[in-house]
Amino acid sequence: MKFNLKSIISASIAIAAGVIVLIGYFINLPYLDTLREVFLHWAVILSAVALVMGIFNLSYVHIRKIAAQSTGDVYSGILLISLFLSAAIVIIFSPTGGFSQWLYNYIILPVEASLLALLAAILIYFCVRLFKRGITLFSLIFVCTALIVLASMISLTGFQIPGISGADGIGALIVRIPSVGGARGILIGVALGTIATGLRVIMGADRPYNG
Amino acid sequence: MAEIRCPMCGKPNPSERDTCLYCQARLKSLTGSSFMSSDSSSSSIGIPSQPDTGDSSLPDWLKAIRNSDQTPEESESEPLPAWITGEGGEGFDEPDDTEKIEVPDWLANLRQEGEKVHTSALSEDKLNKLPIDDEPEWLKKIRTGQHEEPSPDFKQVLPPEKPFPAVSERPIVFQAKEEIPSSEVPDWVAELSGKSAVSSELLPDEQEKDIPMEEVHFEPKEEEGSLLAWLSTLEQEKTAQAAPTQSEKPITVDRGKEEVSFSSEVSGLFSDLEGIDFGIDTKESFEIAKDEKRTTEIPQPLTSPFTSVEGLDEFAELPEWLGGISSEETIAHEKDISSIADQDLAPATLPNWLEAFIPAEAIEKPSTKIPLTEAPRKAEGAGPLAGLFSVLPAEPEIAKSRKPSEKPDVLEVSEKHRQQTSVFEALLSSEGLPGVTAERQIVAPQNVFRILVFLLLCAGVLGVIIAGYQFAVIPTPPVETLDAINILNSLPAGAPVLIAVDYQPGYSGEMEAAASIILDHLMVNGVNLAFVSTNPTGPAQIERLISRVNQERGHQYKALEQYVIMGYIPGGTTGLSGFGTQPRRIITQSADGKPIWRTPWLSNINNISDFSSVIIATDDPDNARAWVEQVQPLLQNKPLLMAISAQAEPMVRPYYETNPRQVSGLVVGLMGSAAYEQIINRPGAAIKYWSPFNAAIMIAMLMIVLGSCYMMVMMLRTQRKENRREG
């Protein structure tokens, strides 16, 4: 059997860290809590470093793309200029400085808000065209549910559609019962998936660190 | 010991065996003759080229030939009859009845013919009357050559030690049916008759002597050797085909018109013999009728009187002309055969006259089913069929690959073809080119509908905003919003409150409305605010939010004194967990680089639970879940409030509806914010947005309803048309 020292070391570190942090949640021991806090602190620092490394990697890829004069190198140039300019502004004037605030107020915020506004119009358009491909049960349910929920949100001149609007209307029931039920199911699934993933990492079966 | 080679496997086997020792194949044919012997030099199946004395299936005449081919020592050991060796005196003794062999039919018929009707004999006077010019060549040669050079006596020619005289050396006797006067006999015939004493002495039967006929004895000449040679060749060929038997086919001798005319076969005989200089020295005897108008049927083959001797047991089935030929003589005259063949006869061609003498039974013998004139067959050289002939090839000739015929390099094209080719090439070249078509600016219906949707939405929202008409009634605040208001109302002045701004800039319109009223409420109460974010743009959003609230709500909150922007918490869930356990270690300074933990109202904050309340403003349910899972357990019953987007309500509401509540209060979307403002009586952005928001929802609902109905109608019409077409 062939042993890889590198994988053994990395797997041991990952398993030990996971076990120590997990035990720290169930057993109240002072030194375990301290060790767990140290690990968490390291994790936060490594996450920040990973973000910086990601910025460097992104810059390197687009610099090579410009050097190779490949397709779309103009957009790479725009990306790099925006990246370094924003970084320079934030570093020089702080994240809450006047220039940084200007960038946010007049570039980032309008762009993202416009995209969401387009999303609203596109959703309406495709909801209309849903019947063009045929009338099915699920298309009817989808359209009717959307109309009911929308109708439950509006109140024209104080008039509320009886049975639909209001806290006891159909719209509120749809949001509270089916939506919440589905959301809880999703949360339970996510929790189980998280547990399984954590156990696999702790047991060494899953090695996202390429050990 | 003789060996027989198996025709199937090719291995030698003893001659006594009928089947092969190795492959159990039949070694001998059903007709009794061996197919192939080991010492056979012939390549033809069923044609034994060498005598096999031990084979009892061979006919007797062939045995006799083979016996004659034996070595002289062997031949000497067997005593020959006296009549053969010439020591028998004038005649032969009458053989015993017990030693008699069965006389073939043809011989018996011949005897009967000789007894009853004497065959026509050539009279001397008739012969003399023959015109010289009409005489056949052989007669001319007889007249000229034989008289000039008389052949030696038969007895003198035969060597004394020669045990068995060949048939060719025997005298040929012409038996005349009528006595010819001596005056009419030609000279050459007279000479021949004078030398025919030996022949007359050799007559075995007294009855034969009594027959009034003239015996003509032709002594062997110098050409004897050549004649024997071709006869021996014929013997070798005919031996393989058949033994001579009696033939029913007669040979007629017509003497009409003062000339000797024979039947077609006999005439063919003379035509074939024209080019051969053998004189009259043949091995047959002819009986020619003297009567010129009489046609006598002579049984074939014409036999010598010797053959009528009943004492010749060994040659009972063998014709005389063939039985006397020894292999030694055959071998001795092979050279002469080749010389004759080179002159006139083809090597494999049998003269017609000789074929006429061959009995039909011999020709039709089963052992000679394979014709000799057939093309030489190819023997299989390898494989299990090795040695067999006429084996079909494994690969037929038609399947063999052939080299395709080469086409000429230069194509002859006429001028008309050149023109047609150029036109065709032009067509092909223009096929790949895009055609020039007039561009039509047609706006697709779907694009029109998209633009219509956008314009209607913009028109509705802008119309309400510009008009400033608040037609929408503020909804009744939900319970979760009331809970949030009550909790915030309960916070004392100066209490540290942690606010997380974790929404995307795109959702700023909805989220800022909710966060603004909460901030306004907190600022009204004089609460100290600490801001964090798990979003990199969080610090800018926080600064924008505080600035907006200060401007819109009339507050004068100052940084570090009343609020602190702690900045960005990296690491996602891990960062939140670390921040929840050790806020001072995760966040060491403010977003603008100032120390935050030295501020008076933050100096007492060591854990997350030291904050009076935690408020989360997010549009992402995952962020809300992360705060609930990682931070809420560390709050130690401190309230956790959330201002969320309407899209995150289904995911966050379960945390609110649990018991005990993980989320103490919720402000959901624009409707919750408007209700919040309505309750605390501080109208703000939420109430301002509420009417345009309702207008946009109404327009959206109308477009969905009308568009869906239109699509349904169109679809139904299309289906009806299709049904009509199909029907």
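This is a predicted model: local features need pLDDT of at least 70, side-chain atom pairs count only at pLDDT 80 or more; totals for chains, interfaces and linings use all residues.
Local features were kept only at pLDDT of at least 70 and side-chain atom pairs only at pLDDT 80 or more, while totals for chains, interfaces and linings use all residues, and side-chain values rest on heavy atoms, without hydrogens or water. Residues are numbered from 1 along each chain as its sequence is written, with chains lettered from A and ligands numbered from 1 in the order in which they are written.

Helices here are DSSP runs of H or I with at least four residues, and strands are runs of E with at least two, numbered from the N terminus. In chain A, the axes of α1 (residues 5-26) and α6 (residues 170-203) come within 7 Å and cross at roughly 130 degrees; axes are lines fitted to C-alpha atoms, for helices over the stretch in contact, with angles from 0 to 180 degrees between N-to-C directions. The two helices, α1(A) and α6(A), are therefore oblique (under 35 degrees is roughly parallel, over 145 roughly antiparallel, 65 to 115 roughly perpendicular, and the rest oblique). On the α1(A) side the contact (heavy atoms within 4.5 Å) uses I15(A), G18(A), V19(A) and L22(A), and on the α6(A) side V201(A), I202(A) and M203(A).

Both chains turn up in a nonpolar surface patch of about 1100 Å², whose members include W102(A), F126(A), I451(B) and F454(B). Patch residues have over 30% relative accessible area and no salt bridge, with nonpolar side chains (Val, Leu, Ile, Met, Phe, Trp, Tyr) joined within 5 Å and like charges within 9 Å; areas come from the Shrake-Rupley method with a 1.4 Å probe, and for residues only the protein chains shown count as cover. Helix α4(A) gives the most, eight residues, and V111(A) sits in that helix.

As for salt bridges (a Lys or Arg side-chain nitrogen within 4 Å of an Asp or Glu carboxyl oxygen), the count over all chains is 15. One of them pairs E512(B) with R544(B), with the closest N and O atoms 2.7 Å apart. This pair ties α21 (residues 508-525) to α22 (residues 538-553) of chain B, across 32 residues.

Now for the backbone. Most residues other than glycine have a negative phi, and most peptide bonds are trans. S94(A), not a glycine, has a positive phi of about 70 degrees, and lies in the loop between α3 (73-93) and α4 of chain A. In chain B, the peptide bond from N659(B) to P660(B) is cis, with omega near 0 degrees; P660(B) is in the loop between α26 (649-657) and β11 (665-668).
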